[in-house]
Each structure stands twice: as C-alpha cells, then as structure tokens.
Amino acid sequence: ANLVSLQGDLTIDMSKSNAAGDIASISASGITISLGAAGNFSANLVDASKAMTLDGSAAVSADLTLTAVSAEDAISITVAGSANVASTNMDTVGSFTFSAAGASESVDITDISASGISITTGLQGDLSASAINSVSTITVDASGATTAQGITMTSVSASGAISITLGAGSG
C-alpha cells in the first residue's frame, strides 16, 4: 500500500502470514502491527497520535525497516529469531521500548528520542545508534549477549540515570 491514513486505530495482523508488508506511509490514532514467521515489514513514515506497537515475537526471521516513526504515546517493538532492524528516527513523547531478547539480531537506529528508553538486545548484542536522547532514563540491557557484535552509541543524553549492561560475549 502507498498510504494508510485514518482517524481511528489501525491494526495490521500478519501473525498467520509469511507475506512481507510494505507500506509507504501510515497515519492513525493508535497503530498495532503483528508479524508472522517471516516477519518482514517496512514503512517510510509511521505516525501515531497515540501508541505504536510492533510485535515480531513470532518471527523466525525478521527484516524491519522503519524510516521514521513518531507517536504521542509509547513506541514498543519486539523482535525474535534472526532479526535485522533499521530505522532513521524513533520519536515519542512517551516511552520507547525495544526488545530483541533471545534473538540473533542486528539493530541500527540512527536517532531515538523519548521520555524513557529501554533497549534489550539479543544473543548478538548488536546495537548501533547515533543519538539516544531521553528526558528521563536510558537502559540498555545486553546481558543476554553470548557473542558481542558490539554496541555503538555516538551520543547518549538523559536527564535521569543511564544504565548499560553487557553480556558474556567478546568482540
């Protein structure tokens, strides 16, 4: 689809599908996206006036490309399996939560701005971000990493505490 725009909530349920979702622009009140085993989804612009949730916990292999995501409430993204995540901008007045716990992941998010930020990496401990900014706290939990592809964060800023926990991997 080229454009999905509505005043109400939008739910995209791909949980039983192996199809790839590709939507140029999404604008809705609240946005919920559930991915299936293939877990392939891309969007250039995702704009929610409430919360945005992307659930890829059922994915065996996930390729997510979310160029720009903005939400008034929370942004929550969960991936599993072999996961590649790329995003230029994640911006919310609420909290930003990303979980790749147990996944074999590669995460590249250029800019994250939120009231509170919680990022849990998976087995690779692979996270790259240019700017992470929070008006509250930032937590990066890579304790589950068994191999360390590396965490690269160029600029990290928070009004509250910053906590970074690394796993057993080396690299």
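The chain exposes about 7400 Å², of which carbon and sulfur atoms supply 49% (accessible areas from the Shrake-Rupley method with a 1.4 Å probe; for residues, only the protein chains shown count as cover). The structure is a predicted model, in which local features need pLDDT of at least 70 and side-chain atom pairs count only at pLDDT 80 or more, whereas totals for chains, interfaces and linings use all residues. Residues are numbered from 1 along each chain as its sequence is written, and side-chain values use heavy atoms, with hydrogens and water left out.

The average pLDDT of the chain is 93, and 98% of the residues score at least 70 (pLDDT being the predictor's confidence in each residue, from 0 to 100). Confidence is lowest in strand β1 (residues 3-5), with a mean of 79, and highest in strand β10 (residues 95-99), at 98.

The chain contains 16 strands and zero helices (DSSP runs numbered from the N terminus: strands are E, at least two residues; helices are H or I, at least four). Buried residues (under 20% relative accessible area, 1.4 Å probe, protein chains only) make up 40% of the 171 residues. The C-alpha atoms fill a box of roughly 45 × 35 × 20 Å along the principal axes. Among contacts (heavy atoms within 4.5 Å) with a separation of 6 or more, 14% join residues 24 or more positions apart.

S34 lies in strand β4 (residues 31-34). Apart from neighbours within four places in sequence, S34 is in contact with I12, D13, M14, S15 and D55. N18 is 16 residues from S34 in sequence and 12 Å from S34 in space, C-alpha to C-alpha.

Definitions and conventions. Buried < 20%, exposed > 50% of the residue type's maximum accessible area, 1.4 Å probe, protein only.
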